[in-house]
Amino acid sequence: MKIFTILIFSLLPLFALEMITPIPESIPYDKEKAILGKKLYMDTNLSKDKKVSCNTCHSIDNFGVDNERFSAGISNIAEGPFNTPTNFNAIFNLSQFWRGNAKDLKEQAKGPILNPKEMGLKSGDEAVLIVKNNPSYRKDFEKIYGEITFDNIADAIAEFQKTLLTPNSPFDRFLKGDKNAISEQAKRGYNAFLSNGCIACHQGQNIGGNMYQKMGVFVPYDNETNWQGRYEITKDPHDKFVVKVPSLRNIAKTAPYFHDGSMPTLDACVQFMAYYQLGKFLEQDVVDDIVAFLNSLTGEYHDPLK
């Protein structure tokens, strides 16, 4: 397995330029549904204590995160084992949540609302009742969906999340032909990203999010939060300590890092990833170059619904 991995890594620079593509300026979405979804996304009434909304942990003013190791829900106590991932550009992921336990954004939208540690509602019916008690929501749902159901609530929130795109990063502009869009250090970092094999997992339109990978390929990961990864969903022994590879877009803005939020800085994250996933140590100048490349992945968010 390790020999095969090393062989793949050695060939990656030959075709890696086709493996990362720019984020589009927009994708098709239903504007009426998205406007309704944004209202629901911001609404703390959809939580048990009326204090937590989707935006509490996935702030649209902060690249879709709260920069906490573990987010605090209705209990106001930050509990693990998973760090809150960004939902910016999440439409491009193969699934949602670290373990891939939601197949799409609509299914994902239901999870936090019903999670006893997050928004804490007991059922979808409770969410429907809260929405029905709001005259503005009743009018919107009647016009758009014809009825208020938990599926339709989740569908509207998911439609809003389709708008959370961050195109036009310096690196995207570089890919489109502007060779001065990133620094010489970032260019060295991109080459190091390719040659050291980071591209094997962080690739595609979202520079991640399109595959699952074991945490600790070459060196077992210190599992202090007592999680077993995707195995908890599939019960397949091969999925132990496997998680969805996170997107690297806007990574400079979404600390702390890893599924357990254990890495506070990008340089530490790069070095630890090289050790656990690639079985190597990187010189500090190489780490610094890769961090410069990662900083070039910060895109621009412009709310199309304002």
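This is a guided tour of the structure above, arranged as a series of selections.

The model is predicted: local features need pLDDT of at least 70, side-chain atom pairs count only at pLDDT 80 or more, and totals for chains, interfaces and linings use all residues. Residues are numbered from 1 along each chain as its sequence is written, and side-chain values use heavy atoms, with hydrogens and water left out.

**The whole chain**

Begin with the entire chain, coloured by secondary structure. Twelve helices and two strands are present; helices (H or I, at least four residues) and strands (E, at least two) are DSSP runs, numbered from the N terminus. Their order along the sequence is α-α-α-α-α-α-α-α-α-β-α-β-α-α. The radius of gyration is 20 Å, close to the 19 Å that the globule rule gives for 306 residues, so the chain is as compact as a globular protein of that length. Here the radius is taken over C-alpha atoms, and the rule is 2.2 Å times the number of residues to the power 0.38. The C-alpha trace spans about 60 × 45 × 30 Å along its principal axes.

Next, display the surface. Its accessible area is about 14600 Å², and carbon and sulfur atoms account for 53% of that; areas come from the Shrake-Rupley method with a 1.4 Å probe, and for residues only the protein chains shown count as cover. Of the 306 residues, 51% count as buried. Buried means under 20% relative accessible area, exposed over 50%, and partly exposed in between (1.4 Å probe, protein chains only).

**The cores**

Select Phe171, Phe193 and Leu294. These residues have the most contacts inside the largest nonpolar core, which has 40 residues. Such a core is a set of buried Ala, Val, Leu, Ile, Met, Phe, Trp, Tyr and Cys residues joined through side-chain atoms within 4.5 Å. Helices α8 (170-175), α9 (184-195), α11 (266-278) and α12 (284-295) each supply at least two of its residues. Now centre on Leu294: leaving aside neighbours within four places in sequence, this leucine is in contact (heavy atoms within 4.5 Å) with Leu248, Ile251, Leu266 and Val270. Apart from the 40-residue core lies another, of 32 residues, including Leu40, Phe63, Ala127 and Ala154.

**Stops in the loops**

Move to the loop between α7 (150-161) and α8, and select Thr163. Is this threonine buried or exposed? Thr163 counts as buried because its relative accessibility is 6%. Beyond residues up to four places away in sequence, Thr163 touches Tyr29, Ala34, Tyr301 and Pro304.

Continue to the loop between α4 (105-114) and α5 (124-132), where Glu118 is placed. At 33% relative accessibility, Glu118 counts as partly exposed. Not counting residues up to four places away in sequence, Glu118 touches Val52, Gly73, Ile74 and Pro112.

Asn115 is in the loop between α4 and α5, and is partly exposed at 25%. Its C-alpha lies 31 Å from that of Tyr276.

Finish at Gln228, in the loop between β1 (212-214) and α10 (231-234). Gln228 is partly exposed, with 30% relative accessibility. Its contacts, leaving aside neighbours within four places in sequence, are Asp239, Lys240 and Phe241. The C-alpha atoms of Gln228 and Val242 are separated by 7.5 Å.
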